[in-house]
Amino acid sequence: LRAYFHFELLKRYKNIVIADRQFTLEEVNELQPSSYEETVEWIAGECDEVSKFLPVTFEGMTSSSEIGRVTKGMVLALKARVLLYAASPLNTTDNREKWLKAAKAAKAVIDLNVYQEKKNEEVINNAKSSDFIFGRWNGVDNSFERANFPMGYEGGNSGVCPSQNLVEAFDMRDGTPFDWNNPEHAAHPFFDENGEMVRDPRMYETLIVNGDKFRGRTAEIYQGGRETWEGTSTTLGALTYNGYGMRKFILDQDTELFGKFYQCPHIRIAEIYLDIAEAMNELGKANEKDRFGRDAYDYVNLVRNRVGMPDLDREKYPAGEDLRNAILHERAVEFGYEEVRYFDIIRWKRVDLLRTEQYRLKATRNADGSMTYRKDTDMKYPNRMWVERWTDRFYLLPIPVSEINKKYGLIQNPGWE
C-alpha cells in the first residue's frame with residue numbers, strides 16, 4: 001500500500017519525496033524530492049520485493065475469503081500500471097524500452113493464471129468476479145445510493161450528472177458508432193421497439209438512461225417525467241439535468257442496499273489486457289502474437305467480448321495512431337467512473353479531448369408514447385475556465401503552498417510558481 005499511495009501522488013504531482021521510512025526531525029529538514037524516474041524505479045522495486053511474500057489469493061487461508069486484501073496479483077498489476085504511465089508521452093520522449101517493460105510487467109499478471117474476463121459476468125459489486133484484482137469494500141450501507149440515485153427515486157440526489165459526450169462514446173451493439181444523423185439511431189438511442197438494448201451493454205452498466213428498468217420501475221428521464229431533466233433548481237446535483245443518471249457501483253434493490261457490501265474496484269484484469277494492447281501497439285508489434293498466442297487486437301477483444309461486443313475491426317483501426325485511439329476509447333467505455341479516463345487524457349497529453357464542446361440530452365414524451373430526443377449545448381455551467389485558459393501546467397496539480405512552506409525540499413510544479 002505504501003507503493004500504491006506513492007503512485008497516487010506521483011501521477012498527480014510528478015516529483016515527490018519518497019517516504020520509505022519514518023524520518024527523524026533532522027532528516028525532515030534535509031529531504032529533497034526524487035526525480036520521476038527514481039520514484040518509478042523505487043515503486044517498481046517495492047512491488048517486486050513484496051510480491052515474493054504475498055499469496056496469489058487469500059481464499060481458503062482464513063475463515064473468510066479476505067476479499068480486497070493486497071495480493072501478489074495486486075502488486076504486479078500496480079507495477080504494470082506505473083510502468084505504463086512512465087512510458088507515456090507526458091513522462092518521457094525516449095520510451096521504446098519503457099513500453100517493453102510495461103508490457104512485460106502486465107504479462108506477469110497473466111502468468112498467475114488467476115484472473116480472466118468471463119462472458120456476461122458482472123464485474124462491479126461482485127465478490128466472485130474473476131476480473132477483480134484489487135479494490136475497496138465498504139460496509140453495508142446505502143449512503144452512496146442516496147447520493148447518486150436519480151431524482152424521482154426515494155432519497156435520490158443525482159450527485160453525478162453524466163454528459164451526453166460520455167453516452168456517445170458507447171457504440172451500437174454491432175460495433176458501429178452511434179450517429180444522430182442515422183434516423184434509426186436518433187429514434188431509438190437506448191432501446192428498440194421491443195425494449196431490447198441497442199447499445200454497447202457497458203452503457204447500461206455505467207448509466208441509467210431513459211426507459212431503463214431501475215428499482216422496480218421504468219426511469220422517466222424526460223420532460224415532465226419523475227426524473228425530469230428540467231426544473232428551476234440552480235443546483236446541478238439536484239437534477240438528472242444532463243438527461244442521465246449514474247448506475248455503476250449503485251446497488252439496485254432494497255435487498256441489496258441493506259444487505260450487500262459496496263465495491264469500488266481499483267485494478268481489474270480488463271486494465272491489464274488493455275495495457276498490454278497499448279504497449280504492443282506502441283512497440284510496433286500490434287499484429288505479432290505473443291507467448292500467450294495473442295496480439296494487441298486479441299487483448300482488446302477479450303475485454304469487448306465479455307459483454308458480447310464484436311471484435312475490433314482490424315481494417316478500420318490499423319496499428320499505430322488509429323489503434324491507439326481505439327484503445328483509449330475502449331478504456332473510456334470500460335472504466336467509466338473508475339478514475340481512468342482523466343489520467344489517460346493527461347498521460348497522452350490529449351488536451352484536444354478536453355476541449356470538446358459539452359452536451360446534454362433533452363427527451364420529450366409524445367402523445368402516442370414515443371420519444372423525441374434532442375442533443376443540446378444548453379449546459380447549466382457551460383464555462384470550464386481551466387479548459388478555456390489551458391496551458392501545459394494543468395497536466396500536473398499545483399503543490400499546496402502550505403506543503404512547500406514546510407521547507408522539506410518540495411519545488412512547485414512548472415507554471416504554478
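## Helix α11

Because 13 of the 14 residues of α11 are buried, the helix is largely enclosed by the rest of the structure; buried denotes under 20% relative accessible area with a 1.4 Å probe, protein chains only. Just after α11, G284 adopts a positive phi of about 75°.

The model is predicted: local features need pLDDT of at least 70 and side-chain atom pairs pLDDT 80 or more, whereas totals for chains, interfaces and linings use all residues. Residues are numbered from 1 along each chain as its sequence is written, and side-chain values use heavy atoms, without hydrogens and water.

## Nonpolar cores

A nonpolar core is a set of buried Ala, Val, Leu, Ile, Met, Phe, Trp, Tyr and Cys residues joined through side-chain atoms within 4.5 Å. The largest such core comprises 68 residues, and I272 is among those with the most contacts inside it. Its contributors of at least two residues each include α1 (2-13), α5 (96-111), β1 (132-138) and α11; α4 gives the most, with 12 residues.

Neighbours within four places in sequence aside, I272 is in contact (heavy atoms within 4.5 Å) with A77, A80, A106, V109, I110 and I133.

Definitions and conventions
Buried means under 20% relative accessible area, exposed over 50%, partly exposed in between (1.4 Å probe, protein chains only). Helices (H or I, at least four residues) and strands (E, at least two) are DSSP runs, numbered from the N terminus.
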